[in-house]
Every structure is written in structure tokens, then in C-alpha cells.
Amino acid sequence: MRSAIKLILITLVTASGSRLLASDSISLDHRPLVALRGDVVHIKVSGIFQETVDSLTIHIIVGRMIDCGEIKSDYKGIGIPCRTNVVTFEHECKFGGVAPPGSLMECSYSEDFTTRTEGWDALVSYWASASRSTGNETSQDALSSSEVSFAQGNPDAPQAEPIAWPVWWYRRAPLSDKVDLGFFRDSDYGEGIGYELFRQDLEVILEKVLDAAAPFNYPMAIGHNYFNLWMIMRGGELEQQCKRSFVKSIDPILAILDGRVIVHQDSTPDCSSIAQSGAGSVRGSAGDAAWILMHEMGHFLYGQGDEYACDGSFDTALCENVFKKRGDCEIQAQPKGALCEALVCNGVEGAWHVHNEGKIIMRDRGLDSDWSPLNRQCVSLRNAGRFWPGSFFRSLSK
Amino acid sequence: MKVSSLVMCLAALAVPSRLWGIEAIKPVEVNTTPPVPVDSLDDNNSVISNFTLGLVLEVNIVNGRAADKYRSRIAMVPKVPLDTTVTGDSKSFSFEALRSGERPLTVSGSDETVNALEGSGPQLLENGVLVVPLPVPQPVEVIRIRLGSVHLMDAITKLTFLTFCEKHVFRAWCGPGPDLPFRHNR
């Protein structure tokens, strides 16, 4: 388990609704992100509080994961997990007054949750609460975090009704409040060991993008709790270059996704739609696949074009970063005190972008690249707009 | 399954304890409670409440700017937030559900035909199957499809609802009332 854990700032809310100090924080984490049957999953809660906290409690809810359609027949095949045979328990860590205000407190719990579901796939949720001291008395208020859910079991098993496999899911929040990203295994990984290779690649990618330290993952760093992350083992196919297709049986899963990412292994160049809710591909076996994911997200989630080429969306109604006309670029550049620069395609000035001195995500490859001010503006606009994926392309070709 | 506190205490100590370079303070005591059953319906309600009965429309898009075939079916679909906006820009589809001249629902969706192929520049993918899940609050007669301000097609959906209501006469959608086009006559 990595020692550098991402920071998730979650505003703590008391049971009565009053807020703790703004600088109080709790981070939630679990590893591995893609948990298999037999894995010991580590759940860790870390907290920093400006007043003395006596205990941290991890609340865990576990049940056998099933399609929600099995709970209510009308919902058959909606592709989203529910659970049955549900139990809850608590793991309390007491600090006995040894943690002064402002110190980092940690509470961990580890288990193979499939032992509670008789080997069936488990759907696990967890959240944290803190009890704090007020003078000589310990407050009974539960200062609580959000709830995070994930699955553990055998994601490789074929399913009659495909279910999206939750890797990081804010289950209590409406799906429409979150950006849902689905990661599909391309068939070029192959069968057998191919499933394991895909999971390993995805684990590495997601660990890196969830880590707050680097600038390349700006959308995740500012709003990790905007994102639900799903894994889908079958049904997505990168056929050639930009040509992508999904099987009809996963329509219900596609319907909830804001972004659809086909993770592949071979050297096919990656390609994504320039949209605010679209699809793209990521070479999962690349050493910098996490950067590729964030770059492609710039295309398919935030409508950004490549700033080393001329493939902007050329439509000023979207929040863009590549402009067909110099004048449109200058409208964006001037308030920022920046200059516009021509993008040259095949020896000809084909488009314009705002000049940036440093390495930027849509131009420069590497985990040290950053999102330009205009890229960041487009991220903020999309996040503020609660853009809902009202439709999706099951297949798309030339 | 009951888990012993001792085992959990050891597990807690096995987890790395540094965050942002700060040494974490460890608990002096840990306790794990026995499991308590939870009502499955209550537990799943927050998930199930994201979905409702609706219409799924499939449209063949050709040459990026035309729709030549469609089909529709009734299925569970995600609920759409009330503040879904239709931007009207040329990069967005809009889908207007129409019923007796009224418009009970309009949603928008991204046009994905412009693609960025790394190292090669823009690619236009202009043929595909567009799927639209519509959480219509009541049966509708037509879905009007636009790309930007361009009217692509009117998909007639009345028969889909009539067929559904033949088999589901007790559905609120299909019951008696002023909704004559969709009313069962039994």
C-alpha cells in the first residue's frame, strides 16, 4: 500500500448540521482500488482537527453485490450494483487524549470482505466519524464524512446482465451530481492473464491520478469527490484509431457515464471525442498512462483540443482552448495578459491558442505538465454546469 | 462474521502512517463491533431512486448531420436533473419530448463526431448509433431531434407506448384519464 495517500478534503458536518472549522479534514482511502476475492483490503481514515478528537470510527456496510434489477423486478438489467444480505459494523480507534489539536490521526481496518459474502462479489461502503472533546466532556455528536463504496470479488466472471464494477463510488449521492467515468477493457488485452494485466494497468493509472501531489491531475485534485470511477470488463472495443464501439447490452451502464474510456494495450494512437461528455482511448500499458488519461479527459470531458496541433472544436459556443480565428483567441488571451500564438499544421498556420511558457497538459507529455489557466477555466465551467450526458454514441465511425 | 479486536489492532499497525510527511498518531485502543443486519431495501434505496421508467431512443446518424432510422423501447433510465440545459450550440444535440403540443421534457447531449487523434489531428466520425435515454414523465408522441438549430428528425414514439400499455394496463402511465392516445380501452 502506498505511503503517499491522496488528500480528500471533506467538510465535516455534525449530526445537527453545524459545521466544524474549515481547516478540519478527513481523508478516506482504500487499497487495492480494484479488489479481488482473497485480497486483504486496507481502509484508512486520516483526520486533522483543530480541536481535540478522542476517537475516529470507520463505519462499514457489506453485502453481496447484485444487479439492482434483482431487488426490484422493474429494474432488471440496469447495470448498477445493489446488495443483499447486508450487514454493518464499526471499527473504532480511540486516541485517549494523546492527539493534540492539529495533529494527524489515523485509523485503519483491513479485511477480505468476500469472506462475509461466502465468496460472492461484495459491495463494501465505508465512512468515518469523529468524536471530539469539549472541555472535560466528550461530545456525542457524530462528525461524519461522505461514504465511499467499492466492490471486491471476481470482476472477470461473465455476467448475463453486465454490472458496472465500482472502484470509487459516492453511492449515497445522486448519480447526476457526480462525474461518472467508466474504464473498459479492450479485447486486445486478451483472455486469461489479460484480465489481470488490465486490472494492474488500471490500478496504476488510478493510483496516480488520485494522488494529489502532481499538477497534471488538476481536475481530480480540485474535485476528487466529483468523480465516480467504474470498471467494465466487457463490451467496449477500440476497433481502429478513433473508431469505437460498445455492445448494446451495456447501454444501461453507458447511460450513466459522463466519460467512457477504452483502456487498450497495443500501440494504436489514442483518440477522443472533443466534447463535454464523450469517449476516448488510453494505452494502459504506457509508462505515463496516467498523463494520457488526463490529456484525453481534456478532450472528451472538457472539450479541449490539442495545443500541439490544430484540432480544436472550432466552435466558440463551447469552452475552447484552440481557436480557428485569431480574434477569438485574443478575446480569451487579453484579460489574462497573455498573447496568442499560431499553431502550424503541415507548414500552414491552421489555428490559434493562448501562449504558455510552461509545460501544459494539452501540448506537453509528462507527469510534470500542468493545466493552463484557460484549461482550468473550462474545467470549472463544466463542473459548475452539472452537464448531464443526455445521450451517447454506442458506435461511431468514419 | 465476528472479527477479533486483536487481529484488527495488528492490521491497523501494518498500514503506513505518514501523510504529507507528517507522522500520524496511532490509536491506543481499537474495537470492532459485531455485524448487525441491515434492511436491503433501505440500503439500496439511494441507488434505485436514481432510476425511473422511461423511453430509450436509438437513432442512426449518417454523415454527421442527418438521421435516417430510429427505434424506441421502454426501459429503466437514469433520472435527469431538473436544471439540464439545452445550449443550442452547433455541437449539442437536443431531444424534445412532445405530447399534444406540449413539451414535458427536453434534454441535450454532446456531439462526439469531432475527434482528436494524437499525432494526426482532427478526425470526423460521422456515422454511428446515438442512444438517448429519456425519463419522460408521461407517454409522449414524438421526440424531436435537433443538432444545434438544425432539425434532424421527428421520431414517432406513440406506438411504443401503446404497445407497452397493452401489456401493463395497471401502470399509472397507462391508466384512464385525459391521456386518450395512451389510454387502454378495457
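Two residues are in contact if their C-beta atoms, placed from the backbone, lie within 7 Å. By that test, 87 residues of chain A are in contact with 74 residues of chain B. This is a predicted model, in which local features need pLDDT of at least 70 and side-chain atom pairs count only at pLDDT 80 or more, while totals for chains, interfaces and linings use all residues. Residues are numbered from 1 along each chain as its sequence is written, and chains are lettered from A and ligands numbered from 1 in the order in which they are written.

Start with the interface. On chain A, the side that touches chain B draws at least two residues from each of β3 (41-48), β4 (53-67), β5 (81-94), β6 (104-111), β17 (271-273) and β21 (392-397). β5(A) gives the most, with 12 residues. By class, this side has 40 nonpolar, 26 polar and 21 charged residues. Here Ala, Val, Leu, Ile, Met, Phe, Trp, Tyr, Cys and Pro count as nonpolar, Asp, Glu, Lys and Arg as charged, and the others, Gly among them, as polar.

Now take chain A as a whole. Its secondary structure comes to six helices and 21 strands. These are DSSP runs, numbered from the N terminus: helices are H or I, at least four residues, and strands are E, at least two. Of the 398 residues of chain A, 57% count as buried. A residue is buried if 20 or more other C-beta atoms lie within 10 Å of its own, exposed if 12 or fewer, and partly exposed in between, with C-beta atoms placed from the backbone.

Helix α4(A) is a case in point. 12 of the 12 residues of α4(A) are buried, so it is largely enclosed by the rest of the structure. Among them are W291(A), H295(A), E296(A) and F300(A).

Helix α1 (residues 193-210) of chain A packs against helix α4 (residues 289-300) of chain A at an angle of about 70 degrees, with the axes 8 Å apart. Axes are lines fitted to C-alpha atoms, for helices over the stretch in contact, and angles run from 0 to 180 degrees between N-to-C directions. That angle makes α1(A) roughly perpendicular to α4(A) (65 to 115 degrees). D201(A), I205(A), K208(A) and V209(A) in α1(A) meet A289(A), A290(A), L293(A) and M294(A) in α4(A). The contact has six nonpolar, no polar and two charged residues.

Finish at E191(A), in the loop between β12 (179-185) and α1 of chain A. E191(A) is exposed, with 8 other C-beta atoms within 10 Å. The C-alpha atoms of E191(A) and D156(A) are separated by 9.4 Å, although the two residues are 35 residues apart along the chain.

Terms used:
Angles under 35 degrees count as roughly parallel, over 145 as roughly antiparallel, 65 to 115 as roughly perpendicular and the rest as oblique.
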